[in-house]
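Reader: I am new to this structure and would like a close look at one part of it. Please describe in plain terms how the pieces there sit against each other.

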Amino acid sequence: MMKKILIIGGGFGGVFTAKYLLKALPKSISNDVQIELISQHNYFVFQPLLPEVSSGIINPHDAVSPLRTLIPKIKHRLARVQYIDTKNNKVQVLQGRNKKLIEIEYDQLVIACGQKSQLNLPGFAQHSFSMQNLSDAFLLRNHVLKCLELADVTLDKKLKQHALTFVTAGAGFSGVETLGELQDMVKRALKYYPNISLNEAQFILLQRGERILEQLPESLSAYAHKKLLKRGVDIRLHTGVARANRDYIETSEGEKIHTLTTITTIGSAPLDFIQRGFELQRGKIEVNTQLQVLGHSNIWALGDAALIPMHNTKGETEYAPPTAQFAVREAKNLAYNLSQHLTGKTLKPFKFNPLGVMASLGAYQGVAQIYKLRLSGIVAWAMWRALYITKVPGNIAKIRITLNWVMDYFFPRTLVQIDTDKNELVEYMHFSKGDVICQKEEVIGYFYLIVSGSVLCENEQGSHTLKSQQHFGADKQKQKNHHDFQISALEQTKLLCIPWQNFALLRQDFKQFDGLFE
Ligand SMILES: Cc1cc2nc3c(=O)[nH]c(=O)nc-3n(C[C@H](O)[C@H](O)[C@H](O)COP(=O)(O)OP(=O)(O)OC[C@H]3O[C@@H](n4cnc5c(N)ncnc54)[C@H](O)[C@@H]3O)c2cc1C
């Protein structure tokens with residue numbers, strides 16, 4: 001009978017598991033196995049290059065590879081996972097423009113969905129940038145250019161200073177790399193902004209720990225610190241962040257730093273559907289050394305989402321770090337074990353000695369440790385690029401990225417600022433007679449007020465009509481996420497629509513408004 005392997009996630013863990021599975025599955029069973037990969041994007045993101053996307057060295061399109069060309073033999077489903085029903089071996093996903101809820105069955109499940117940025121401090125979700133996916137990098141780049149445009153023309157000195165203050169919270173790899181690249185980008189761009197001088201731009205790196213790049217040996221971390229200081233970065237150790245407001249952030253010391261740009265790289269957190277479906281340890285799904293989720297012999301997990309024990313030479317338990325390097329090795333091990341599991345053979349524990357670590361500081365500077373060799377400066381930076389290009393999956397992506405680097409070396413970067421602001425708080429939608437606005441059982445995505453026209457709500461129990469100034473979609477509760485009715489336009493109808501998250505905030509904080517819907 002056909003067996004289905006379902007992989008959640010099109011990042012390092014998911015894509016490489018799929019690739020290795022195609023090789024690992026023996027011919028005797030490969031015709032009876034279907035592999036499907038679900039991802040909320042139809043492309044693979046090479047996350048280590050995101051800081052270079054945010055600084056405009058690499059075009060957003062060139063830092064990603066379409067999953068369909070990367071793993072053409074794997075069935076791909078563009079959808080967002082909502083829930084894993086481990087009792088019935090089903091995954092619930094939202095799919096398509098109307099976010100229809102679909103259930104997909106599996107025999108074997110591989111969870112490689114990564115984590116989300118930790119933005120749970122007050123105000124950070126609204127007033128800071130994260131650096132996790134392509135849109136984060138794209139938004140940050142456009143925002144920084146917008147700040148430069150503003151600083152160049154405003155007569156308000158304070159506003160100019162705030163627009164030219166760039167704060168990064170968290171001095172791990174992604175924080176340091178993003179700030180380093182950003183500073184380089186601003187420096188190069190200022191040539192074209194005659195009213196801004198370089199010393200007006202301020203770059204602040206906040207680190208709660210006692211040194212930056214704590215993953216690196218002390219000597220390399222000290223080298224990076226010295227280099228960044230020399231470039232004018234204001235590094236503040238033992239300083240965390242407490243809250244973010246529209247115009248400033250507050251540090252753990254109570255200091256207010258006025259800025260229009262805060263980048264948060266202070267850690268990651270489990271995705272909501274993982275939190276709902278599993279008991280977590282350290283915010284991750286606990287697996288055994290063979291990468292099987294504890295208590296579920298047909299569910300596997302790897303990458304940033306998984307807590308993977310490894311035994312060191314002293315027999316002590318350590319956990320695999322959340323890096324791309326590890327995720328790729330875990331994928332190889334997982335594909336082997338899954339194939340062994342399907343053929344009733346012995347599984348092997350995950351072991352890996354990393355090759356080393358490296359980080360770019362921007363402006364042709366880097367730090368690296370390869371086995372016992374420690375490198376810094378331009379040599380480390382060149383090695384960083386050389387190694388990463390070999391790791392980018394897909395030859396076309398490799399060529400594109402190399403061309404981006406060459407272009408960046410010889411030519412100025414583009415200063416095109418694309419307006420990314422979209423007023424999503426309220427929008428109008430128009431429907432003609434007979435148009436279905438919401439399907440029954442569809443997830444409630446908006447609150448709808450009928451501005452003009454009328455709609456028919458119908459289900460098996462009956463139907464009713466709603467007219468101008470009546471509304472629907474207000475009653476989404478934790479228990480009830482879906483429309484009970486199919487709702488369609490009875491005539492030309494104009495609706496005022498508020499995305500549900502925004503509507504929920506209004507109800508939560510504006511009690512009189514909330515009272516309208518009791
Ligand atoms: C800025 C930055 C720089 C980094 N630099 C380095 C580096 O230099 N070296 C290094 O080794 N590591 C680096 N890392 C870490 C590395 O990128 C991660 O460890 C690695 O990506 C983890 O792989 P993963 O497959 O677990 O998760 P990811 O690569 O994050 O992939 C998760 C996948 O799941 C999908 N997904 C998420 N939620 C859902 C959902 N609900 N439904 C469907 N699909 C979903 C996502 O779209 C994505 O395709 C960096 C990370 C960042 C953010």
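Author: An axis here is a line fitted to C-alpha atoms, for a helix over the stretch in contact, and an angle runs from 0 to 180 degrees between N-to-C directions. The model is predicted. The part to look at is the pair formed by helix 12 and helix 13. Helix 12 covers residues 378-391 and helix 13 covers residues 395-410; their axes come within 9 Å and cross at roughly 155 degrees. Angles over 145 degrees count as roughly antiparallel. Helix 12 and helix 13 are therefore roughly antiparallel to each other. Their crossing is right-handed. On the side of helix 12, the contact is made by Arg 385, Ile 389 and Thr 390, and on the side of helix 13 by Lys 398, Ile 401, Thr 402 and Trp 405. Sorted by class, this contact of helix 12 with helix 13 has three nonpolar, two polar and two charged residues.

Helix 6 (residues 134-153) and helix 8 (residues 173-189) have axes that come within 11 Å and cross at roughly 40 degrees. That angle makes helix 6 oblique to helix 8. The crossing of helix 6 with helix 8 is right-handed. From helix 6, Leu 140, Arg 141, Val 144, Leu 145 and Leu 148 take part, and they meet Thr 178, Leu 182, Met 185, Val 186 and Ala 189 of helix 8. By class, the contact of helix 6 with helix 8 has eight nonpolar, one polar and one charged residues.

The other pair is helix 1 (residues 12-24) with helix 11 (residues 324-342), whose axes come within 8 Å and cross at roughly 35 degrees. Helix 1 and helix 11 also make a right-handed crossing. Residues of helix 1 in the contact include Phe 12, Gly 13, Phe 16 and Tyr 20, while those of helix 11 include Ala 324, Ala 327, Val 328, Lys 332 and Tyr 336. The contact of helix 1 with helix 11 divides into 13 nonpolar, three polar and one charged residues.

Gly 13 leads on to the ligand. There are 28 residues around the ligand, and Gly 13, Gln 47, Val 81, Asp 304 and Tyr 388 come nearest. A polar backbone atom of Val 81 is 2.9 Å from a nitrogen atom of the ligand. An oxygen atom of the ligand is 3.1 Å from a polar backbone atom of Pro 322. For Gly 11, a polar backbone atom lies 3.3 Å from an oxygen atom of the ligand.

Key: Residues numbered from 1 in each chain as written. Predicted model: local features only at pLDDT ≥ 70, side-chain atom pairs only at ≥ 80, totals over all residues. Heavy atoms only, no water. Helix = DSSP H or I, 4+ residues; strand = E, 2+ residues; numbered from the N terminus. Parallel < 35°, antiparallel > 145°, perpendicular 65-115°, else oblique. Left-handed = near helix turned anticlockwise from the far one by under 90°. Contact = heavy atoms within 4.5 Å. Nonpolar A, V, L, I, M, F, W, Y, C, P; charged D, E, K, R; others polar. Near = heavy atom within 4 Å. Polar contact = N/O pair within 3.5 Å; in protein donor to acceptor, adjacent residues only side chain to side chain.
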